[in-house]
Amino acid sequence: MTATDNQGRTQRSGAVRRRLVIDVTPLRESPDFRRLWTGHAVAILGTQMTRVAVPYQVYVLTDSTLMVGLASLAQLIPLMVCSLFGGSVADAVDRRKLLVVTEGLLAVVVGGLALLALLDSPPIWAIFVLVAVTAGLSALESPARSAAVAGLVRRQILPSAFALNQTLTQVGAIVGPAVAGVVIAALGLSTTYALNVVTFLVSITVLTRMRPMPPAHQVTKPGLKSVIEGLTYLRSKPAVMGCFLADVNAMFFGMPRALFPAIALGQLGGDAVTVGLLHAAPGAGALIGALTSGWVGSVTRHGRAVIISIIVWGLAIAGFGLSHWLPLTIALLMVAGAADVVSAVFRQTVLQLSVPDHLRGRLSAVHIGVVTGGPLLGDARAGATASFSSPAFAMVSGGLACAAVMGILGWRLTALRRWTLADAESSAGADAETGAGAGAERREDGA
């Protein structure tokens, strides 16, 4: 074999690795993105632990899947209201300062959950109130975090930045629930919540090292007028609206979280550790999907990728509802998680590349409301359906409905199905002509 052959083989091997292995260029190029990413990595670990602890606590106290679903539903109104308002705030104030303040308040509220867990029979209404407040604060924090990313990295590597965000989200979704199951069983619910408080404090420390992130230029003051301005702009972006509809469909029909306790303790005959494993399995699949996301930068038809991945999600969830064997159940949830992370990366890219900076907070807020509100509605649907039928029926029917509806939406939503990077460049050019994209261009030049 000649040296030329060896060189060619090495080049081909390197190209394959680049298409598979996640691109860490955003972390290398941007110190502030690295700090934002690191702080979120710590905080999300504790947050995922709390997301396991709350439904488990409610189910143990009430023995009711309906009450678990209602615990999720209690978060919906504060989440939606605060998300829209939080987006207008994120566009008008220093985004770094907003992140620090909201995470500090979250630490206080989760501390309240830790104190309640010390009681032998804590009132269910108090748990509902605290998780509702937590949802509202998270809805203020998330738009600022999401909108900040586009101002910290180059446009060309934005999909890689979102893939990195998805990676840490999924690492938290694996480690957090798995640790939560062990901690709940060994040390109790109060310790689980207390660990979440500690993670928020560490995240705040990291965020304070970022440079300030004030608005790029004059924007509408936070309030109803600002929210309406963002929603009005959304109407002019059918591809972005299509992404939102696609995600609502996936989460409403296919979100299985509310049934994890019932399926783990009943259908699979497990315990608290099994509950943790079910919560961790989608994250494990999503992590694999994120770590092998080097190929996302070569995809041009982002909308089509969203449609296909959500159909795969729905079919995997339907299979999950039929399984009575833990290894197969985990495998199907991992497939669902991998499909979900692909959908998330491309939905985020479509959103951020279709929207100018001075509106990113508000449109990110709508996105956060959809991403977090959809699962809450899905939990309520799944819990209610299972209460008059069975957990298996709730999951199988929901997963099949998700895949079918996504097929119909994919056919009807032409703008989403045909969206490409060329559409993003066209949108950016239009914004630049009207002056809307001035702030975004300044940051890109300085990146």
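Predicted model: local features only at pLDDT ≥ 70, side-chain atom pairs only at ≥ 80, totals over all residues.

Colleague: How many helices and strands does the protein have?

Modeller: The protein has 20 helices and 0 strands. Both are DSSP runs numbered from the N terminus: helices are H or I, at least four residues, and strands are E, at least two. Of the 447 residues, 57% count as buried (under 20% relative accessible area, 1.4 Å probe, protein chains only).

Colleague: How do I describe two packed helices?

Modeller: Use the angle between their axes and the distance between the axes. Axes are lines fitted to C-alpha atoms over the stretch in contact, and angles run from 0 to 180 degrees between N-to-C directions. Here, H14 (residues 302-322) packs on H17 (residues 391-412) at about 165°, with axes 7 Å apart. H14 is therefore roughly antiparallel to H17 (angles over 145 degrees).

Colleague: What is the hand of the H14 and H17 crossing?

Modeller: It is left-handed: the near helix is turned anticlockwise from the far one by less than a right angle; clockwise would be right-handed. The residues of this contact divide into 16 nonpolar, 5 polar and no charged. Ala, Val, Leu, Ile, Met, Phe, Trp, Tyr, Cys and Pro count as nonpolar, Asp, Glu, Lys and Arg as charged, and the others, Gly among them, as polar.

Colleague: At what angle do H11 and H17 cross?

Modeller: Roughly 165°, with the axes of H11 (residues 238-254) and H17 coming within 8 Å. So H11 is also roughly antiparallel to H17. The crossing of H11 and H17 is right-handed. The contact includes Ala 250 and Gly 254 of H11 and Cys 402 of H17 (contact means heavy atoms within 4.5 Å).

Colleague: Which residues have the most contacts inside the largest nonpolar core?

Modeller: A nonpolar core is a set of buried Ala, Val, Leu, Ile, Met, Phe, Trp, Tyr and Cys residues joined through side-chain atoms within 4.5 Å. The largest has 78 residues, and Phe 33, Leu 36 and Trp 313 have the most contacts inside it. Helix H15 (residues 326-354) gives the most to this core, with 11 residues. Among the residues that Trp 313 touches are Ala 250, Gly 254 and Cys 402. Another core, of 36 residues, lies apart and includes Met 49 and Ala 272.

Terms used. Residues numbered from 1 in each chain as written. Heavy atoms only, no water. Parallel < 35°, antiparallel > 145°, perpendicular 65-115°, else oblique. Buried < 20%, exposed > 50% of the residue type's maximum accessible area, 1.4 Å probe, protein only. Lists of a residue's contacts leave out its neighbours within four places in sequence.
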